[in-house]
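User: I would like to go through this model one question at a time. Please give the cut-offs as the terms come up.

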Amino acid sequence: ILQKYNSDSTISEFAPHGAVTAKINTDSEKINDLFSDRVRVIPILDDENKVVDLAVFDSRVHLPVAEPFFDHTELKYVIDCVSSGWISSAGKYTSIFEKKFADFCETKYALSCTNGTCALHLALKSVDIGPGDEVIVPTLTFISTASMVTLTGAKPVFVDSEIETWGLDPNLVEKAITDRTRAIIPVHLYGHPARMNKIMDIAKRHNLIVIEDAAEAHGSKYQNIKVGSLGDIGIFSFYGNKVVTTGEGGMVVTNNNEIANKLMMLRDHGMDRSRGYWHPILGYNYRMTNLQAAIGTAQMEKIELILNKKNIIATIYECNLKNITGLTLPKEAPWATNIYWLYTVLINESKTGVTRDELIKKLKLDKIDTRPVFTPLHLQPVYNLDQKFPIAEKIANQGFSLPSYVNLNEEDIERICEAIKTIILINN
């Protein structure tokens, strides 16, 4: 309006580069496919490119897989941070956030960093993993678990998953150990802890380092002990879809004083701050900003509320889906506390008459977003060596994650479950 555009103007006169639009006769399914994390409003155009309607992604109707849980506290702390002028890595919220997270994980040290991937890199470098070394990694995980091993010059060695927990299968770990093996990275996948007692026993027998990838598992427990504190080092992610978020961000936790000191130097350009600008080792700039830490501090003040709500969501899903033949629901082992980061289900096509991908597509038409399970690393172009890991491949082919965000209510979950039941019923 200020630039003199009006209802007679065509969208091409003022639309930004890369704007997403649709014609008035576009099929609703195609319009639905245009929505993304970036695109939430789509102008509908007539034949003269004039806007005649809007397609709007309404979270009351569209149910995303994940979204952050904020209240007034995040804004309050960010305003305080900006008002203080300390917005980069120096500032009070960085140390407050690290202290709260260390207390939560029951570890001596917690060091914030740029993201979970950088946390993995710092963890590996802090124990001198490098060229000629091998690190055992589950094939069923997000790619950064392996890519950071590769970045150090070491070789990731893939191992299949347990069907019960979807985590690293300890019975296969020992078979993968060679005289070059230096470390094991168990991943607490989708919020369920790996079988840590067997993994730690193997590591102890072979003098191996254990780095827990707990990027998705804030608050998960193995035998009532918080994950991240069981191995030599633990790492966490604070990406926007994680249990707690700082937008981007990560944390490394440890009980080892020597490792903690090395982590601090590596994170800050390899600098020994006791001697000023003195850099005895090659380091990185992986520091978290005070702005991010302000958000993280607010998030940690309600992490128990978030975890409790995650558990309630999982319980409602369980009650609604447990009697559907062909669906395998996420488990919680007797020795574990599963936080159900994303409520992830397996679907058996032979019993339901519908594939995972078909179900995902049909749910999207019902304005319900889902996400397929990670593609195993041994099938990725950068790592494909024609290996076969049947359990990981089965989980990846059949698995999909349902909306799992904290603001999801019981009616939303029942709507999702009814949509799944209807789709399976029609196909049977």
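User: Which residues do ring pairs link into a cluster?
Analyst: This is a predicted model, in which local features need pLDDT of at least 70, side-chain atom pairs count only at pLDDT 80 or more, and totals for chains, interfaces and linings use all residues. Residues are numbered from 1 along each chain as its sequence is written, and side-chain values use heavy atoms, with hydrogens and water left out. Rings of Phe, Tyr and Trp (its six-membered ring) pair if their centres lie within 6.5 Å; planes under 30 degrees apart count as stacked, over 60 as edge-to-face and the rest as tilted. Ring pairs link into a cluster Phe97, Phe101, Phe104, Phe236 and Phe238.

User: What kind of pair do the rings of Phe97 and Phe238 form?
Analyst: By the ring rule there are 15 aromatic pairs. For Phe97 and Phe238 the ring centres are 5.2 Å apart and the planes stand at 50 degrees, so the pair is tilted.

User: How many residues apart in sequence are the parts that this pair ties together?
Analyst: Helices (H or I, at least four residues) and strands (E, at least two) are DSSP runs, numbered from the N terminus. Phe97 belongs to helix α3 (residues 92-105), while Phe238 is in the loop between β11 (233-237) and β12 (250-254), so the parts tied together are apart in sequence by 141 residues.

User: Is Phe238 buried or exposed?
Analyst: Buried means under 20% relative accessible area, exposed over 50%, and partly exposed in between (1.4 Å probe, protein chains only). Phe97 is buried at 0%. Phe238 has a relative accessible area of 0%, so Phe238 is buried.

User: What kind of pair do the rings of Tyr284 and Tyr286 form?
Analyst: Their centres are 5.1 Å apart and their planes stand at 10 degrees. The angle is why the pair counts as stacked.

User: What is the relative accessible area of Tyr286?
Analyst: Tyr284 is buried, at 19%. Tyr286 is buried too, with a relative accessible area of 15%.

User: Which residue lies over the face of Phe104?
Analyst: A charge sits over a ring if NZ of Lys or CZ of Arg is within 6 Å of the ring centre and within 35 degrees of the ring normal. Arg275 has its charged end over the ring of Trp278, 4.2 Å from the centre. Over the face of Phe104, at 3.8 Å from the ring centre, lies Lys226.

User: Which residue stands opposite Ile225 of β10?
Analyst: Two strands pair if DSSP finds at least two bridges between them. An open antiparallel sheet has the order β10-β9-β14. β10 (225-226) and β14 (336-337) are its edges, each with a single partner strand, so one side of each has no neighbour in the sheet. β9 (residues 221-222) and β10 run antiparallel with two bridges, and opposite Ile225 stands Tyr222.

User: What is the bridge partner of Ile44 in β3?
Analyst: Another open sheet, of mixed pairing, has three strands in the order β1-β2-β3. Its edge strands are β1 (22-23) and β3 (51-56), each pairing on one side only. Five bridges join β2 (residues 41-45) to β3 in the antiparallel sense, and in β3 the partner of Ile44 is Asp53.

User: How many residues of β6 are buried?
Analyst: β5 (residues 134-138) pairs with β6 in the parallel sense over five bridges, with Val137 opposite Phe158. Strand β6 (residues 155-159) is mostly covered: of its five residues, the number buried is four.
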